[in-house]
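User: I would like to go through this model by way of a few questions on packing, salt bridges and pockets.

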Amino acid sequence: MLYESSSVMFVSVMFMLGGKPSWCQTNKMLSAQTDRVMALGEWEERWREDQTGWHRPHVNKMLESNIEKVLDGRKGVKFFFPLCGKALDMKWLADMGHSVVGVEIAEKAIKQFFEESNMTYSEETVSALPGAKVYKSSERNISLYQCDLYNFSRYAALITSLMDKDCRYLLDTLLYNPEVYKGPPFFVPDEQVQSLFGKSCDIELLQSLDALTDREKARGMDFFTEKVHLITLKTN
């Protein structure tokens, strides 16, 4: 199988959330992005033209701060990175002895990950998925699949279907006003996170950080907050 249920996963999903609005305000904010959809072609084009302002040239600080809560004392954990880009987090985890599986549609992102990390890699076709490829590191336990993640199922349903009972899912979100900036990434209010995962999972806020920089200010934003949540399957 392409995906196996993982003991743990880290998913860096940049949801756009907006403070503590009322439900009516939330619906209005959601409507600001109803016509904004990023097609696969646009995503790939951004990588081709190096319009990748979301990529961080360092390991995600929220992951570093909360890694012990994710590992929960375990060694050799399996991590799954959907929409992985060329995140340095993957090598950081693999260097600690964990295994990493990622999914990314942009081939350039995958190749840059290995090349910029000074890792050699192999390239294979995936017979079960027409048109898909898998790139495997020769030095670390890292396998990155080049394919469309959304070919499998709806995102939240897919993620929860991959979770074992002891899985610890780290979800990274951003808070800002989508009426000022339409994304990507896109606005998903707290209520929607709860709606997507709350029925089958417990959601715990681990950390909240003011992440406003000159880049966001130039887009007209006056607040930009990063949050990280720990999501686990309900026990009953």
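User: In this predicted model, which elements are included in what covers the buried residues of helix 5?
Analyst: Helix 5 spans residues 107-116, and its buried residues are Ala109, Ile110, Gln112, Phe113 and Phe114. Buried here means under 20% relative accessible area. The cover over these residues includes helix 2 (40-48), helix 4 (89-95), strand 3 (99-104), strand 4 (121-125), strand 5 (133-137) and strand 6 (142-146).

User: Is Glu107 buried or partly exposed?
Analyst: Glu107 pairs with Lys111 in a salt bridge, at 3.6 Å from N to O. The two are four residues apart in helix 5, and therefore separated by about one helical turn. With a relative accessible area of 25%, Glu107 is partly exposed.

User: How many residues apart in sequence are the parts that Arg140 and Asp95 tie together?
Analyst: Asp95 forms a salt bridge with Lys91, where the closest N and O atoms are 2.8 Å apart. The side chain of Asp95 also meets that of Arg140 in a salt bridge of 2.6 Å, N to O. Arg140 lies in the loop between strand 5 and strand 6 and Asp95 in helix 4, so the parts tied together are apart in sequence by 45 residues.

User: Which residues are closest to the centre of the second largest pocket?
Analyst: The second largest pocket has a volume of about 570 Å³. Its lining has 14 nonpolar, five polar and eight charged residues. Of the 27 residues in that lining, the closest to the centre are Gly53, Arg56, Arg215, Glu216 and Phe224.

Conventions. Residues numbered from 1 in each chain as written. Predicted model: local features only at pLDDT ≥ 70, side-chain atom pairs only at ≥ 80, totals over all residues. Heavy atoms only, no water. 1 Å grid on protein atoms, 1.4 Å probe; cavity = no way out; pocket = protein on both sides within 12 Å on 5 of 7 lines; lining within 4 Å. Points joined across faces, edges and corners; volume = space filled by probe spheres on them. Nonpolar A, V, L, I, M, F, W, Y, C, P; charged D, E, K, R; others polar. Buried < 20%, exposed > 50% of the residue type's maximum accessible area, 1.4 Å probe, protein only. Contact = heavy atoms within 4.5 Å. Salt bridge = Lys/Arg side-chain N within 4 Å of Asp/Glu carboxyl O.
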